Amino acid sequence: MQLEPKDLYAKLEFDKVLELLEKECLGELGKEAIHSIKVETELKKIKRKLKEVYEYTLTFEYNNPFPIAAYFDLSSDLRMLEIEDYVLPEEGLVKINIVMIFIQNIFRFFTPERKESYPTLYRIIQNVAFDEDLIKAISKVIDEEGNIKADASPELLKIRRAIISKEKEVEKKFRGLIQHYKKNGWLTDNVESFRNGRRVLSVPAEHKRKIRGIIHDESATGKTSFIEPEGVIELNNDIFDLHQEEKREIYRLLKELSTLLRPYIPALKSYQLLLIRFDIIQAKARVAMKMKANMPKMVDHPHFGILEGYHPLLLLKNQAISKETIPFDLSLLHKNRIVVLSGPNAGGKSITMKSVGLIQLMFQAGMLVPVDPESQMGVFKRIFADIGDQQSLEDDLSTYSSRLKNARIFIEKADDETLILIDEFGSGTDPKIGGAIAESILKELNFKKVFGVITTHYSNLKIYAFKNRGIVNGSMRFDKETLSPTYEFRVGRPGSSYAFEIAQKSGLQKRVIKYAQHRTGKNEKAVDQLLVDLQREKQELEERLEEVKNREQSLEKLIKNYEQMHRDLEFKRKKIKLDAKQSALQQVAKDNREFERLIKELKENQKLKEAKQKAIEIKVEREKLVEEVQELTEEIYYKPDPVELKKGPIQVGDYVKMKSGGAAGLVETIDKNKAIVLMGQMRMSIKVRDLQHANAPLDRQGSKSISTDTVSQNSTFESRIDIRGMRFEEAMKVIEDFMDQALMSNAGNLRIIHGKGNGTLRKVVKKKLREYDVDMSISHPAQEFGGDGVTLVDIS
């Protein structure tokens with residue numbers, strides 16, 4: 001992704017979005033990774049990242065909490081572990097153990113059902129190997145709180161038992177000594193203390209010679225001595241020795257564990273990367289839920305198709321104070337690519353322009369965006385912006401000089417995969433000259449077929465947009481009665497600055513406004529009004545032209561449908577006639593047996609001449625019927641079909657079906673006039689003349705198979721389904737079966753009843769429908785017919 005200028009993130013406030021993501025991250029590594037987040041230019045990568053985030057939001061909605069929490073940075077520990085014979089301290093092993101437990105829980109999260117519910121998330125770990133023996137090895141030595149287990153080894157268990165035993169012995173001995181010395185009045189009120197890791201008696205200085213032992217310390221005043229009594233010195237020495245043995249045994253265990261983990265360093269690094277990846281995904285999902293963001297439809301080329309879009313940061317700000325945010329639509333028709341956006345100051349022009357850029361950056365960074373899910377967004381390889389004051393003391397450039405420098409860079413580097421955003425285009429110098437230069441720059445950018453949103457007040461740019469293809473005017477609607485902005489964006493009409501009206505509302509003296517109007521003259525306002533009227537008429541004309549085109553397309557479809565229906569009707573009529581003839585032929589065969597009996601009787605009665613004549617008549621009648629049946633069969637099944645002729649002769653690899661009907665199959669081989677056709681698991685040898693081209697059968701994933709009769713399905717398929725009260729997995733399965741049957745039955749209009757509730761089942765329906773790569777429109781009926789509680793599907 002090429003970005004201009006270098007501080008584009010700050011210009012479009014994408015840096016603030018990254019800060020929101022950083023706050024939602026659970027680990028420091030995730031926060032660091034946010035700042036190097038990549039804005040992708042490949043649709044495949046964008047789709048994958050969006051699906052990961054979308055599926056993670058579903059874990060919240062369906063109460064399937066993903067097992068990730070605050071995690072540690074293992075980088076320094078793994079770096080030290082790479083050093084041969086280095087012994088990792090307990091703290092490092094504890095951090096590794098916690099990370100391993102997280103990874104283990106993530107693997108356990110993906111049950112067979114969840115693998116189907118969250119397939120994109122599952123693919124992240126699908127090819128990652130996980131060895132649970134590592135967790136067992138660490139858990140054998142270290143407990144969940146990070147302490148070395150007493151039974152980590154038999155030797156350690158033995159040592160710790162010995163320590164406990166000695167400590168009990170010391171306790172018993174010490175208590176006895178305390179009672180004895182206290183009785184004699186040789187101890188202070190504090191009785192005992194600890195010095196140099198040893199348990200000592202608190203003895204007044206005047207009595208210190210009365211107690212045999214080692215003086216470890218004295219108080220600051222010298223009035224108290226701290227004495228380890230002689231009776232426990234040997235026991236404390238034993239305990240000290242045991243603690244040294246314990247340290248040596250713990251060191252041995254840690255060394256063994258470090259040696260065991262060393263070959264797994266690459267795996268541990270990959271586990272850490274997994275946690276970072278899931279951390280970023282969950283951060284994106286949490287921010288998306290705050291914005292009520294969605295996954296739009298995607299196309300692999302530059303495109304504007306935003307429906308009900310919001311500025312992400314403005315939306316969050318207004319939500320916090322319970323203030324309404326006005327959405328905008330930016331969907332350009334025909335070959336329009338650039339919007340020249342005009343209107344009054346503080347009317348929302350710059351916010352709308354920035355919204356387009358910010359939403360695009362978020363989308364290509366793999367974030368769900370605050371737009372309607374029916375929005376259609378494209379991919380840009382370059383995003384350029386000229387926004388705000390760009391005065392540079394360092395480069396000795398004024399604001400206007402900086403704008404011209406940007407324009408030069410844009411013209412040099414822009415192409416048909418570039419999004420350009422310019423605020424207050426042409427401002428900063430003499431309006432007449434600045435407007436002319438801006439128009440020339442706009443001409444160059446349009447020639448390069450860039451996409452863009454440009455805000456301006458200059459009438460010459462509005463007129464240029466009106467006259468030239470690829471550019472369209474847009475405006476922020478202004479309420480003339482209240483003289484206040486509505487923040488509603490409209491494509492197709494230029495906007496007025498309403499400078500005099502706003503000046504009047506602000507309380508500027510009337511004589512000042514009157515003089516300004518006199519100096520401006522009537523022409524300026526007349527040009528603005530004329531442009532608005534012309535743009536309205538142009539838009540109406542384009543809408544009518546679009547309507548005519550749609551009607552022509554509808555008419556063509558109707559004609560094709562009529563022709564097909566006519567062919568089908570003619571086929572059925574001839575088929576009925578053929579069936580009648582075949583029935584008649586069968587009846588003749590039955591009658592023949594009766595006539596043969598009569599002829600036999602005639603022969604017996606010596607009426608040979610009459611018998612011969614009757615036999616000839618019967619033969620002629622039968623041959624005539626056979627000939628009619630053959631002619632009808634030839635006409636119905638073998639007469640050249642104009643549609644089939646266009647498709648050409650049947651070849652190996654084509655999908656075909658019998659002309660008499662039935663399932664479709666794949667042609668494997670053709671030998672002269674016969675073809676081997678694979679239908680399901682069966683191979684059939686069929687004459688080529690008995691076959692016709694067919695569409696490929698519906699591909700069903702998995703091991704399930706479907707055997708069905710097309711005619712019976714068409715007659716029994718119910719185009720309405722009710723999934724109210726179903727669970728997520730159950731609803732997904734029922735909708736899948738319903739859609740599969742609908743597609744095999746060629747059903748066009750479907751009705752799915754899911755109820756309103758909290759909207760969960762409605763989202764399940766939309767999610768499942770998007771998995772089908774067929775042309776379909778999704779909508780909801782009027783409120784009186786179910787509203788948001790019913791989804792209508794129209795399959796083209």
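Hi everyone, let's start with helix 14, which is mostly covered: 14 of its 16 residues are buried, where buried means under 20% relative accessible area and exposed over 50%, with a 1.4 Å probe and protein chains only. Please keep in mind that this is a predicted model, where local features need pLDDT of at least 70, side-chain atom pairs count only at pLDDT 80 or more, and totals for chains, interfaces and linings use all residues. Residues are numbered from 1 along each chain as its sequence is written, and side-chain values use heavy atoms, without hydrogens and water.

Helices here are DSSP runs of H or I with at least four residues, numbered from the N terminus.

Now for helix 16. Which of its residues are buried? They are G434, G435, A438, I441, L442, L445 and N446. Because they cover an arc of only 135 degrees around the axis, they sit on the same side of helix 16; that arc is taken from the directions from the helix axis to the C-beta atoms. On the face turned away from this buried side, you'll find the exposed residues K432, I433 and F447. Helix 16 is followed by K449, whose phi is positive, near 60 degrees.

Finally, look at F278. Leaving aside neighbours within four places in sequence, F278 is in contact with F66, I68, I106, L121, I124 and I125, contact meaning heavy atoms within 4.5 Å.

Terms used. Helices (H or I, at least four residues) and strands (E, at least two) are DSSP runs, numbered from the N terminus.
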